[in-house]
Amino acid sequence: MLYFMPRSSLPLFVSSLFLCASVVAQVPSLDAWKVHDPDREQPAMVDPGPGDSSAPAPSDAVVLFDGTDLSAWQRLNGEPPTWHVTEGYIEVARRTGPIETKQGFGDVQLHIEWATPNSGDGQDSGNSGVFLMGTYEVQVLNSYDNVTYPDGQAAAVYGQYPPLVNASRPPSQWQAYDIVFRRPHFNEDGSLEKPARITVFHNGVLVQDNVTLTGPTGHRSRPPYKAHADRMPLRLQDHNEPTRFRNIWVRELE
């Protein structure tokens, strides 16, 4: 079953949904598929409808980008970011490396809007990524009439779960992710107590339904969990594509 809703009601809906204990999980098996298996079934296309103006952040949100500056962000070495800020959005400065938030986060509701260039194909068409805790990636890609391995298309949990459906708009149009992320928990000896879980709405359409992450996301690999801090920065990837981002905010859920 697919869920559609007006953009204006989505943040409140997501907030309410995850206060409930009876969330039904998406439980696809990974055992039958290799990482980035091209023979894996392609998610069906659905039309999410036209995009609208950027929705304001809730009053309790931590605003990470409001269209003006990158004061909440840094390069991985702690230096100021060199990505471009223009006309209310950030554009990746190619070959300058990823950027991450100065602040660390654990359990969050994240809203982020993005747009890809109208060029390239496969994994070379607007490739970027949203990394929760700098470790767990939701893929950003032009997946409108652009075929690639399903666990690497837009809204995939990279290398693990393709989206339930492909809710992509055409390149150059603004798209939105609304993500609820529950961090992993580790025991004192570093062993895994509870794995991470993630839910993703792409343009208002449910595409990841409370899936359990097998560990960090990786290219051509599914590495195991390794103990890390309870709060870590949000990271955006430089994959040598001029992908754009705007209206980024989080609500802390812990």
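This is a predicted model: local features need pLDDT of at least 70, side-chain atom pairs count only at pLDDT 80 or more; totals for chains, interfaces and linings use all residues.
Residues are numbered from 1 along each chain as its sequence is written, and side-chain values use heavy atoms, leaving out hydrogens and water.

Thr217 sits in the loop between β15 (205–212) and β16 (232–236); strands here are DSSP runs of E with at least two residues, numbered from the N terminus.

Now show the side chain of Thr217. It reaches the backbone nitrogen of Glu137 at 2.9 Å and the backbone oxygen of Thr135 at 3.3 Å.

Next, bring up the neighbours. Leaving aside residues up to four places away in sequence, Thr217 touches Phe131, Thr135, Tyr136, Glu137, Val157, Tyr158 and Gln160 (contact means heavy atoms within 4.5 Å).

Pick Tyr136 from that set: along with Phe181, Phe186 and Tyr225, Tyr136 forms one aromatic cluster. Across the whole structure, a search turns up seven aromatic pairs. Rings of Phe, Tyr and Trp (its six-membered ring) pair if their centres lie within 6.5 Å; planes under 30 degrees apart are stacked, over 60 edge-to-face, and the rest tilted.

Last stop: select Trp114 and Tyr177, a tilted pair at 5.3 Å centre to centre with 55° between the planes. Trp114 lies in strand β7 (residues 108–115) and Tyr177 in strand β11 (residues 175–182), so this pair ties together parts 63 residues apart in sequence. Both Trp114 and Tyr177 are buried.

Note on methods: Helices (H or I, at least four residues) and strands (E, at least two) are DSSP runs, numbered from the N terminus. Buried means under 20% relative accessible area, exposed over 50%, partly exposed in between (1.4 Å probe, protein chains only). A polar contact is a pair of N or O atoms within 3.5 Å; within protein, one must be able to donate a hydrogen and the other to accept it, and residues adjacent in sequence count only if both atoms are side-chain atoms.
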